[in-house]
Amino acid sequence: TAAMSTQIPSSRIRNVALVAHVDHGKTTLVDALLRATGTFAAHQAVVDRVMDSNDQERERGITILAKAASIVWKDVKINLVDTPGHADFGGEVERALTMVDGVLLLVDAAEGPLPQTRYVLQKALARNLPAIVIINKVDRQDARADEVLDEVYQLFIDLDADDEHIDFEIISAVAREGRAMKGIGMPADDADLSVLLDTILEAIPAPQGDASLPLQAMVTQLDASEYLGRLAIGRVVNGVMRRGETVALLEEEFAEGQPPLKRRLSQLMAFQGVSRNEVDELAAGDLFVMAGFPEVEIGDTIASVESPVALPRLVVDEPVLRMTFGVNTSPLAGKDGKFLTSRHLVDRLNKEILGNVSIKLFETGSPDVIEVAGRGELQLAVLIESMRREGYELQVSRPEVITKEVNGKRFEPQERGVCDVPDEHVGTVTQELAPRKGRVTDLRQGDAGRTIVTFECPSRGLIGFRSLLMTATRGTALLHQHHAGWMPWAGDMPDARGGAMVADRLGVTTAYALDNLQSSGQFFLNPGEQVYEGMVVGECAREHEMVVNCVRAKEKNNIRTHSHDDAVKLPAPRIHTLETAIEWIAADELVEVTPKNIRIRKRHLGLEDRRKANKKVSVD
């Protein structure tokens, strides 16, 4: 398409973010709005959940990256910014909110506002953004729209919202079918989303900004394109951005008297539908995508060369967990993946931090190992899973918390968690928290036989807590956690796991060998799988490691004993996923991750090497 030169006045722009708990239908609503405004032509094949473009987002059913799309309604351009619901991606939420002037708060008509809703709404109110509340899925059998609305009012009151914010517009919707109505009720069969679109135009203010002032634009997100390199995404706050003009990039150091970087703006795009189209200029209030500044970082200001004035910087929560990513050094390395060297690994991680501000990289003593710090284990697991799918092989260590010294005392990060569980599982939550040094701060009766447990716990105590909770409650628990400052070091945590069963040689596991060993512990693999010396094949009951031969075949002789020689019955092994493997390993173990396999191994594969390493540790 030819570049457009029409500059849209800010009165004809609305910037709005969709915020909701995981699974309440944000991404589905975006699809419906795109259909309603004819952005998807009627004959066009529509991908469901068009905003979740990343494979893992589709599989995990969560939105990880904040994205934008735009629609036009009654000659007004509405920029929609989709935000993730998970706290590990809280950095994405905060940045998305700096681009908008109001939020659509989506709440499930049966589940009501959940912990996540609270977190995102709190951030929106802190920025003084008005909300439109959409009660979605009112067609559910168990919908209870009136009660849910009361809960939403209660949530606004709990968060100390002003009267003007509590006086929000209410829409009932069935986003999947693209139907909506004002107030509480069931939208008519022939209803569409025009009520919602009209409400956005009325209730969300037009962006404040003056196109006649010198240019100031805020970079809130980064993206990378294979052709254009690093892309900056953000919002024009004042002035007009024109393609071909020279602009100044004001970085963090700019305040310290550094002269700004000046460059011609070679590529300027705007959101149109779900794509980005080239434009000649964008005025105050609109969202932009620009290329040509490989040095740009989140929080930088793009300004006019004549009077460069920086906007206040964005601050994102600091990382609390770190783990090392290293080159795969196992005897089976290089069999599955195509990216194996430290150069591949460093390039891929550098590409990740281009667009992901809440991840940081640090060098270690070895060129083959990089330390990666992030906001939570889910975020780091998503990164490792992405790399594995792209064909990388790597080995990762157990996550550790980042500590800091305050007045000579050691402090560690603390998380505040809100857990919504069925009543019968409240005991499970409180019992699991006690050994993890967590304490319950509030118990509230929820609806329909559920209880809301609020607790505080050291971050390291919560490693593995989510998956344990999901298993114990058969997936019925909802957990939301966020960083809650620092607390004095809480001491050692008890370790409930047994010792590792470690293979003593390279080979393929046999049913005969596993059968002889099954009384010693639980296996992590089936017969017929490739193992190597130093690989962990199971967990034994005692606490010390146990070295086993799991590849031994039955000696062939002509003496028949029992018929059960042929039919060995083995219990089902415990197959580790990436998340459970990372949680299970000890400090002297690593998880080997390849596109086809997840294996657990000792850092030192040989028994003698391990003994030497242990001696050294005990001397230290």
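How are helices H10 and H11 oriented to each other, roughly parallel or roughly antiparallel? Before the answer, a word on the source is needed: this is a predicted model, in which local features need pLDDT of at least 70 and side-chain atom pairs count only at pLDDT 80 or more, while totals for chains, interfaces and linings use all residues. Residues are numbered from 1 along each chain as its sequence is written, and side-chain values use heavy atoms, with hydrogens and water left out.

The protein has 14 helices and 35 strands, where helices (H or I, at least four residues) and strands (E, at least two) are DSSP runs numbered from the N terminus. Of its 620 residues, 51% count as buried; buried means under 20% relative accessible area, exposed means over 50%, and partly exposed lies in between, with a 1.4 Å probe and protein chains only. Taking contact to mean heavy atoms within 4.5 Å, one finds that 71% of the contacts between residues at least 6 apart in sequence join residues at least 24 apart.

Now to the two helices of the opening question. Two packed helices are described by the angle between their axes and the distance between the axes. The axes of H10 (residues 426-433) and H11 (residues 465-472) come within 10 Å and cross at roughly 150 degrees; such axes are lines fitted to C-alpha atoms, for helices over the stretch in contact, and the angles run from 0 to 180 degrees between N-to-C directions. H10 and H11 are therefore roughly antiparallel to each other, given that angles under 35 degrees count as roughly parallel, over 145 as roughly antiparallel, 65 to 115 as roughly perpendicular and the rest as oblique. On the H10 side, Thr428, Val429, Glu432 and Leu433 take part in the contact, and they meet Phe465, Leu468, Leu469 and Ala472 of H11. These residues divide into six nonpolar, one polar and one charged, where Ala, Val, Leu, Ile, Met, Phe, Trp, Tyr, Cys and Pro count as nonpolar, Asp, Glu, Lys and Arg as charged, and the others, Gly among them, as polar.

Strand E28 (residues 499-503) runs antiparallel to E32 and is joined to it by four bridges, with Met501 having Gly538 as its bridge partner. Strand E30 (residues 521-523) also pairs with E32 in the antiparallel sense, over three bridges, and here Gln522 stands opposite Glu539. Two bridges join E32 to strand E35 (residues 598-602), again antiparallel, and Met535 has Arg601 as its partner in E35.

Finally, consider two residues in loops. Gly334, in the loop between strand E18 (321-327) and helix H8 (342-355), is partly exposed, with a relative accessible area of 37%. Although 60 residues separate Gly334 from Leu394 in sequence, their C-alpha atoms are 10.0 Å apart in space. Pro308 lies in the loop between strand E17 (301-304) and E18 and is partly exposed, with a relative accessible area of 25%.

Note on methods
Two strands pair if DSSP finds at least two bridges between them.
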